[in-house]
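Trainee: Could you give me a close look at the pairing of charged side chains, and take me from a simple case to the place where the chains meet?

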Amino acid sequence: MAAAGAEASCGGEDEGLTLLGFWSSPYVLRVRFVLNLKGIPYKYVEEELFGDGTKSALLLASNPAHGGKVPVLLHHGRPVAESLVIAEYVDEAFPDRRPRLLPSASDPHERAAARFWAACVDQKLVPAWAPVFCGRTLEERVKAAGELVAVLEMFEGVLAGGRTEFFGGESAGLVDVALGGFIWWLRASEAMCGVKTIDPARTPLVAAWAERFSALDGVREMAPDMPTLLEYHQWTRARFGLPFLPLHQPPL
Amino acid sequence: MAKAVKLIGAFGSPFVHRAEVALRLKGVPYELILEDLTNKSELLLRHNPIHKTVPVLLHGDRPAICESLLIVEYVDEAFDGPPLLPIDPYDRAMARFWPQFIEQKCSMPFWMAVWLDDGEAREGFVRDTRANLCLLEARLQGKRFFAGDAVGYLDFAACGLAHLLGPIEEVAGESLVGAAEFPALRRWAEAYTSDEAVSACLPPREQLVANFAGKKDKIKMAVNAMVQRS
């Protein structure tokens, strides 16, 4: 994990992009996937969001409407916030960089469908995920994990209907990136409460998709280390006064 | 021959309004089907099984488009006519960012602040509402509309603030968004609700007031219960 405020340069010649992020944030991961998959170079700044560290001057100077949250993408100094807004911005500002995240302009209906399912990740998956992370008892977490599987079954239906490798078709698109940011947190549920939320028995297409997506160049390198992720989640729980619950099995 | 456009909506919904304004600005004729949200129709539930909300756009025989801002972008892309969103990618990103901010940081705390009983929780929401509305006020400086001289995407994305604030404050007996503190916002609300295309799909103020007055006790109970639970 990079030290707070640490910068890293990713990729070739300068496009004037700086991404302010946090290593485990699924929202930040989404933006990194987009930039990496498209081969767009950027500077990455790891923000210290908790503890004694202070947020970087860049994040603090960014629009107060952003609430000091990451990700924020600065393009020649101009900030863009909200991961899916950033994703569409990158797609439109760099139209020659493949893969395109949305279907072509000649199919507004498919574009609306992609935006709908990407938004669904935030509207349905995230609220279902929260009680898995924050549950006060094992029973609460297990129940929540069951509801989360039901949400993934919705996405299973989307893949079944499309019959393609990715939600975006032949290559990753907006929905892949939106859901993809959560893959490692979803995998962590088994250690948190013994329930596999990405379960090949319940959602075989989503499970295969998760393997495929997480193996992509540009995605694979971003994978958070699982033991560190689990340790971070215990620390966050403690920080919010939640009861300590032991991990269900040793971290992988 | 152009395919028929139908919009499933409900009285007073700012989300439905967004979709209607988009269609009107593009000059697209449509049939409005009004729902009783306390007794949702099979048509609505069939076309929006995930969220079960309005608006829902039906264009010919293609599957439904749901979610108001997605409908606006769809209308912008599927029909000829003046663009609803800006052309420049950065301006488009700004247009897409602000509605989320408005909903989460302005509309929600405002709703809580007007209906909650007095107390610490209410004070918190009042503070948040005012602080966040100041950011919007700043964005309107020197401009008639958020989009400039004419109504644009961000204006009808923010429409709830234009036509619902007044009726809600009147029914709740509160005054959070005063003209003295928020002159640009008040001027914008007046300009927006008077615009020709917009006013054609805005419910009359008296009907909105009556609607909220009828639901006032239920709303207050629900909002106060929500805060007790958390």
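Mentor: Let's begin with Arg46(B) and Glu42(B), which are about one helical turn apart because they lie four residues from each other in helix α2 (residues 42–47) of chain B. Helices here are DSSP runs of H or I with at least four residues, strands are runs of E with at least two, and both are numbered from the N terminus. An α-helix has 3.6 residues a turn, so residues three or four places apart point the same way. The two side chains meet in a salt bridge, 2.9 Å from N to O; the term means a side-chain nitrogen of Lys or Arg within 4 Å of a carboxyl oxygen of Asp or Glu. Arg46(B) is partly exposed at 49% relative accessibility, while Glu42(B) is exposed at 53%. The cut-offs are under 20% relative accessible area for buried, over 50% for exposed and in between for partly exposed, with a 1.4 Å probe and protein chains only.

Before we go on, please keep in mind that this is a predicted model, in which local features need pLDDT of at least 70, side-chain atom pairs count only at pLDDT 80 or more, and totals for chains, interfaces and linings use all residues. Residues are numbered from 1 along each chain as its sequence is written, chains are lettered from A and ligands numbered from 1 in the order in which they are written, and side-chain values use heavy atoms, with hydrogens and water left out.

Arg96(B) and Glu73(B) form a salt bridge at 3.0 Å, N to O. Arg96(B) sits in helix α4 of chain B and Glu73(B) in helix α3 of chain B, so their pairing ties together parts that are 23 residues apart in sequence. Relative accessibility is 7% for Arg96(B), which is buried, and 4% for Glu73(B), which is buried too.

Arg96(B) also reaches across to the other chain: its salt bridge with Glu92(A) has the closest N and O atoms 3.1 Å apart. Since Glu92(A) belongs to helix α3 (residues 83–93) of chain A and Arg96(B) to helix α4 of chain B, the pair joins two chains. Glu92(A) is buried, as is Arg96(B). These residues are part of a network of salt bridges that links Glu88(A), Glu92(A), Arg111(A), Arg115(A), Glu73(B), Glu77(B), Arg92(B) and Arg96(B). Within it, the side chains of Glu77(B) and Arg111(A) meet at 2.9 Å, N to O.

Let's step back to the whole contact. Contact here means heavy atoms within 4.5 Å, and 24 residues of chain B and 27 residues of chain A take part. About 2400 Å² is buried between the chains, with carbon and sulfur atoms giving 64%; this is the accessible area (1.4 Å probe) that the two parts lose on being put together, summed over both. On the chain B side, Ile50(B), Tyr90(B) and Phe97(B) lose the most area to chain A, together 26% of what that side buries.
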